[in-house]
Amino acid sequence: MKLYCHIQENAVYEGPRALPETFANVSNFNCLDDKTLISYGWLPYEKVSENKEVVVSSTFEILNDKVIEHVSTRDKLEVEIKQEDASKLAQEWALVRLKRDTLLSESDKNVVSDKWEQMNLDDKQVWSDYRKALRDLPQTFSNPSEVVFPDAPNKVTTPVVEEQPKEATVV
């Protein structure tokens, strides 16, 4: 997509950007030829850069028929790379903790006191082990991309307590 800059008082007023569809009460402004666009102060944009990762400075050179942006760039410093890596790692761990916390919240319904009291010891141990494994994930793994979430217990063997039939009362 071709970009343009709107020039006012020999300075870049707007852009670089795509042309507006309407400008100065002219419909289909974006369909005009470059010569007409220049008469309205819209000049084609060109960027000159070494295309390195960090932008140091940027200056616009306004010519009669185009605007050239000169962008000075440099490679990232080692300290910047380490900071980015640390930030990315912190974000990945935050996602692991979010998923872990969600799984813990979802498992809460299985360990509420009324259900917990009815569970047999084996089921209690399975749920306790699962929840402990979730809580220990950040300490168990050194790299968030290697985290393996434990499977939630899917079968509880606790016997269902059957209600005794109520005696009918005769009135």
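I worked from a predicted model, in which local features need pLDDT of at least 70 and side-chain atom pairs count only at pLDDT 80 or more, while totals for chains, interfaces and linings use all residues. Residues are numbered from 1 along each chain as its sequence is written, and side-chain values use heavy atoms, with hydrogens and water left out.

**Cores.** I looked up nonpolar cores, meaning sets of buried Ala, Val, Leu, Ile, Met, Phe, Trp, Tyr and Cys residues joined through side-chain atoms within 4.5 Å. Buried stands for under 20% relative accessible area, exposed for over 50%, and partly exposed for in between (1.4 Å probe, protein chains only). The largest core has 11 residues, among them Trp93, Leu104, Trp127 and Phe149. Helices H2 (78-108) and H4 (121-135) each give two or more residues to this core; helices here are DSSP runs (H or I, at least four residues), numbered from the N terminus. H2 gives the most, with 4 residues. I noted a second, separate core of 6 residues, including Tyr4 and Trp42.

**Salt bridges.** I searched the whole structure for side-chain nitrogens of Lys or Arg within 4 Å of a carboxyl oxygen of Asp or Glu, and the search finds 9 salt bridges. Asp108 pairs with Arg131 at 2.8 Å between the closest N and O atoms. Asp108 is in H2 and Arg131 in H4, so this pair ties together parts 23 residues apart in sequence. Asp108 is partly exposed at 33%, and Arg131 is buried at 16%. I also logged one network of salt bridges with shared partners, which joins Glu53, Lys76 and Glu84.
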